[in-house]
Number of protein chains: 2
Amino acid sequence: MKLTDAQQKEFDREGYVFLPEMFDDDEVAVLRREAEAIYASDREEVWRESNGVARTAFAAHTYNEAYRRLGRHPRLVEPVKQLLDGDVYMHQFKINAKAAFDGDVWQWHQDYGTWQRDDGMPTARAMNIALFLDDVTAANGPLLFIPRSHKHGVVEAGHDLETTSYPLWTLDRETVSKLAEEGGCVAPTGKAGSVLMFHGTLVHASPPNISPMPRTIVYLSLCEVNNHITKFTRKEWIAHRDFTPIESLNDDCLKELAREAVAAE
Amino acid sequence: MKLTDAQQKEFDREGYVFLPEMFDDDEVAVLRREAEAIYASDREEVWRESNGVARTAFAAHTYNEAYRRLGRHPRLVEPVKQLLDGDVYMHQFKINAKAAFDGDVWQWHQDYGTWQRDDGMPTARAMNIALFLDDVTAANGPLLFIPRSHKHGVVEAGHDLETTSYPLWTLDRETVSKLAEEGGCVAPTGKAGSVLMFHGTLVHASPPNISPMPRTIVYLSLCEVNNHITKFTRKEWIAHRDFTPIESLNDDCLKELAREAVAAE
């Protein structure tokens, strides 16, 4: 699994690349089922909206077999090693539920802004993978990107501790508008199993989900191993401190689990 | 300007029909410019979000020349006469701004629910036209429809006086979910100048606009003349009391204004 030259150039130019239906229905079904079990569990790694609905589960790759495999999946890890030109470790791992009706906003931000300010990550040699566990449509709170904004490096931000249940370094409206005049504003949508890879400094947000359809996305934040964080201000299960290079598993590592699940029924 | 048989059937089956780019850039430019002037004016017909940004301007066809013409435009009026099988009058006329960053949610509702309960409109022989004055994308708070929900007639609703600055009879989540299991949930998007025609009992909503792009839509609510309202509880400029059949103007009535504007520059 490697990105083509054209895909690499697109990533460099736009700050993201969209890979439709990288995982099939069986693989997605395993991950969705396990996500539900994790959300239903009473763990400190599971954060909730103010009304109790699950918002984010951290570090599932450390306590769930399906997500352990996803965190080492070659379809995700190999393209990122290619883009970051080196070995990578897992900086952060989240399963973000944007629940039907209740899923709340994520304000405009850059992930690397947080990684730099809060975690002392030296450079932006780090990036995100978003794997859709549900169809993402215009209706259920898609990710919004400002294309090309990653070229501006880290832009000024304020620490928002109030809007939602998750503290975030957010950009002001003037900055977002200026960047959008240049790059526009897009909302990549697609089927469950699709993957978005985006740069650590790409400016993004997502609106509330007022639709009756849930919208769960798994986020892997991968960092080149020599670029590991230097400040340990956040919980270990939010900003990981294990900088061991990830070794990919086999391409059918999730399929195997799906088959085992069927066999056990 | 008539709908095809296929379009009429689609409207009947799905509850809406989408007509891309019905108005050209010049026509849209005139309407957009006049909308800005109206929003900037200090009229009781202009309602604002709690932070002062314009949300809705009512009845612009009664005090603005471009909107007077739009309210009698054959591309809008003739298809509706066809769908409602009779002469029509203007029940309500709104220019809804969903301002960049600030545009607020419209909760799940049916327009005819309000027309029946508040205005005593006898039957659902009435419908909406939405004309996009900006490109509507997945990013800037598109209209969300539950296709086929119009077949259920008026469904139970509660009077929401708190969520936004506009009182609305809104549906509960269980009802919306049940209808969406049957019909799904779609967000028709398209270029400025595009038109959505949708049934008075079609269940719809729209999310907040957190994007840096504004999203203004003009709504004409047309009612068959014999089905006129019987209760006058709302302001005349919200629920009109002039039941005179609308006579269409010429197809170039807005183009003329655009040409005059250019000539005057």
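**Close-up 1. The interface between chain A and chain B in the predicted model**. In this predicted model, 26 residues of chain A are in contact with 26 residues of chain B. Between them the two chains bury about 1,900 Å², of which 76% lies on carbon and sulfur atoms. Of the area that chain A buries against chain B, 32% is supplied by A:Phe101, A:Arg173 and A:Ile210, more than by any other three residues.

**Close-up 2. The largest nonpolar core, with B:Phe23 and B:Tyr67 among its members**. This core has 43 residues, and those with the most contacts inside it are B:Phe23, B:Tyr67, B:Leu70, B:Ile95, B:Val195, B:Met197 and B:Val218. Helix α2 of chain B, residues 25–40, contributes six residues, the largest share of this core. A second, separate core of 42 residues includes A:Val28, A:Val46, A:Ala192 and A:Leu220.

**Close-up 3. The surroundings of B:Ile95**. When residues up to four places away in sequence are not counted, B:Ile95 touches B:Ala35, B:Ile38, B:Tyr39, B:Arg55, B:Thr56, B:Ala57, B:Ala60, B:Tyr67, B:Thr216, B:Ile217 and B:Val218.

**Close-up 4. The contact of α2(B) with α7(B)**. The axes of α2(B) and of helix α7 of chain B, residues 253–263, come within 9 Å and cross at roughly 75°. Because angles of 65 to 115 degrees count as roughly perpendicular, α2(B) is described as roughly perpendicular to α7(B). From α2(B), the residues B:Asp26, B:Glu27, B:Val30, B:Leu31 and B:Arg33 meet B:Leu254, B:Lys255, B:Leu257, B:Ala258 and B:Ala261 of α7(B). The residues of this contact divide into six nonpolar and four charged, with no polar ones.

Notes
Residues are numbered from 1 along each chain as its sequence is written. Chains are lettered from A and ligands numbered from 1 in the order in which they are written. This is a predicted model: local features need pLDDT of at least 70, side-chain atom pairs count only at pLDDT 80 or more; totals for chains, interfaces and linings use all residues. Side-chain values use heavy atoms; hydrogens and water are left out. A nonpolar core is a set of buried Ala, Val, Leu, Ile, Met, Phe, Trp, Tyr and Cys residues joined through side-chain atoms within 4.5 Å. Buried means under 20% relative accessible area, exposed over 50%, partly exposed in between (1.4 Å probe, protein chains only). Helices (H or I, at least four residues) and strands (E, at least two) are DSSP runs, numbered from the N terminus. Contact means heavy atoms within 4.5 Å. Axes are lines fitted to C-alpha atoms, for helices over the stretch in contact, and angles run from 0 to 180 degrees between N-to-C directions. Angles under 35 degrees count as roughly parallel, over 145 as roughly antiparallel, 65 to 115 as roughly perpendicular and the rest as oblique. Ala, Val, Leu, Ile, Met, Phe, Trp, Tyr, Cys and Pro count as nonpolar, Asp, Glu, Lys and Arg as charged, and the others, Gly among them, as polar. Buried area is the accessible area (1.4 Å probe) that two parts lose on being put together, summed over both.
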